[in-house]
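Here is a short report on charged side chains that pair up. Please look at the sequence and structure before reading on.

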Amino acid sequence: MTSSAERKARKARGSREPRLQAYALPAAFSRRATVGWAVIVGVLLAAGAYFMFDRLANGLGMAGATNAVPWGLWVVVYIWFSGLAGGLYLLSALVYLLRLPRFAPIARLSLGLSMVSLVVSMIFIGIDLGAIRHSLGTLLFFHWSSPLAWEIKAYVFFMVIAIVQFALVLLNDKRTAEAAASGDGVVSAASAGALGVELSGAKASAAGADVLRRRGNVNLAIRVLAGVGVATSFVGPPGGTGMFFAAVKTRGLWEGGITSVLFYVMAIVTAAAFLVVAYRLLARLRGAQPDGGVLVGLNRVLAASLFALAFCIFFQVAPALLSGDPAVAAPVQAMVAGPLAPLFWLGEIGLGLVAPAVLLAVGAARSRGARDGGAVGADRGSAGGAWAVAAALAALAGVLALRYVLVVAGFSVPLLAGMPTPVYVPSLGEVMVALFVLGLAVGCYGLAVRLLPLERMGASEGEVWLESAYTKAVPDADASSCGEGSRAKEVRDGSAA
């Protein structure tokens with residue numbers, strides 16, 4: 001540790017030793033943004049408060065689900081949020097597991113919002129289970145033959161993995177901050193060793209080596225946990241939800257391996273589209289410039305996953321139409337030519353596949369034209385601009401329509417011959433309860449980005465010291481140049497090992 005006399009002497013002679021900005025955060029949210037967020041949350045909660053009380057006090061009688069169609073809107077939104085949670089975690093693994101530096105600025109955002117999305121999805125499924133105490137029974141008791149029991153345990157395990165992983169990321173931040181500066185902010189021996197700064201003395205070398213060793217151990221643990229989390233996603237969110245649907249033998253539309261793959265691909269589409277909107281929105285609210293490389297990468301992930309989603313839908317629909325089994329062909333007929341046809345063609349295909357593909361192509365063409373015209377910086381910052389945001393919003397709505405059609409069409413065929421065709425229409429109570437929980441979700445997302453360091457990068461993301469997740473987030477020119485310079489550095493603390 002540098003003594004007080006040494007620090008004073010260094011100040012007196014105008015020391016040129018490098019200084020670290022431990023927390024190069026973007027600007028705080030404006031009062032207008034805070035008020036707008038509070039108003040949105042308040043309106044959603046107030047709109048659905050009475051119906052939520054009715055649901056908790058009187059049970060499922062206010063819902064539109066029946067014995068013939070037991071899964072309705074709440075299950076649809078549940079699998080949408082569970083898919084979002086799994087997809088966000090998979091995108092965070094691009095950094096924490098595969099060490100892809102392009103996505104480093106959104107790694108923490110993905111991991112943190114994945115946990116929030118998983119909690120929201122469990123609230124929705126808890127509401128749909130009937131008595132709230134029944135949801136506790138799924139946690140306390142276990143039946144080996146129950147797919148739901150396996151799925152709930154996988155969800156809990158997945159949540160524990162994500163929480164521990166995020167805690168280790170924060171631990172790395174704490175150690176980086178402690179090593180970054182001492183006293184008045186001058187680089188200490190430990191931080192100098194971590195940054196490769198030449199300081200004389202064996203003490204500095206030993207301290208730097210200890211920092212490297214501890215960071216390397218924590219990063220190795222994070223990488224192992226990320227691998228375990230990705231493996232768990234095949235039996236938890238999002239793949240486990242698809243396996244749960246595929247295990248329902250009485251519903252021919254869901255049975256088969258393509259269902260699990262479809263759920264997995266939908267999760268990646270949802271997560272990529274969600275991050276395109278969330279990252280740009282947070283940058284605008286912070287008064288910062290989003291990283292152009294991240295935006296380009298997210299656009300490419302969204303485009304590739306949309307292509308894979310189109311193949312999954314084709315291989316779900318085409319074989320069923322050619323099948324001679326009425327239990328398989330009839331639900332697909334209801335999707336493509338029956339009462340669900342408008343939602344299938346306009347929502348799932350048009351809004352969910354065609355519109356995002358066209359918008360992404362137009363945005364890419366305009367960005368290419370701007371780059372050819374010499375506006376390289378603008379192109380990197382926009383990466384499609386409003387076209388990419390519109391494509392992401394269309395994809396989010398289209399995936400929701402896809403999940404609704406998938407759930408409702410699965411129940412469109414009666415289990416016994418001669419029974420009337422099941423019909424489901426969401427009740428007003430279901431819609432308003434969904435709005436209430438959506439208000440909780442918006443509130444939780446807002447609290448997460450305010451209370452958790454989701455917009456930083458550090459040793460866990462391959463950075464040498466803590467910095468902002470945006471290209472230009474701090475008005476100070478020195479701080480901005482410090483952040484941009486570190487982004488191009490190679491990892492020297494064992495985090496890529």
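The text below goes through the salt bridges of this model.

The model is predicted: local features need pLDDT of at least 70, side-chain atom pairs count only at pLDDT 80 or more, and totals for chains, interfaces and linings use all residues. Residues are numbered from 1 along each chain as its sequence is written, and side-chain values use heavy atoms, with hydrogens and water left out.

Side chains of opposite charge can pair when their charged atoms come close. A salt bridge here is a side-chain nitrogen of Lys or Arg within 4 Å of a carboxyl oxygen of Asp or Glu. By this rule there are 3 salt bridges.

| Pair | N to O distance |
|---|---|
| Asp-173 and Arg-108 | 2.4 Å |
| Arg-108 and Glu-461 | 2.9 Å |
| Arg-286 and Glu-455 | 2.7 Å |

Start with Asp-173 and Arg-108, which meet in a salt bridge. Asp-173 lies in helix H6 (residues 147-180) and Arg-108 in helix H4 (residues 107-128), so the pair ties together parts 65 residues apart in sequence. Helices (H or I, at least four residues) and strands (E, at least two) are DSSP runs, numbered from the N terminus. Both Asp-173 and Arg-108 are buried, meaning under 20% relative accessible area (1.4 Å probe, protein chains only).

Arg-108 also forms a salt bridge with Glu-461. Glu-461 sits in the loop between strand E1 (456-457) and strand E2 (467-468), 353 residues from Arg-108. Glu-461 is buried too.

Next come Arg-286 and Glu-455. Arg-286 is in helix H10 (residues 257-286), and Glu-455 is in the loop between helix H16 (428-451) and E1, 169 residues apart. Both Arg-286 and Glu-455 are buried. Shared partners join Arg-108, Asp-173 and Glu-461 into one network of salt bridges.

Definitions and conventions. Buried < 20%, exposed > 50% of the residue type's maximum accessible area, 1.4 Å probe, protein only.
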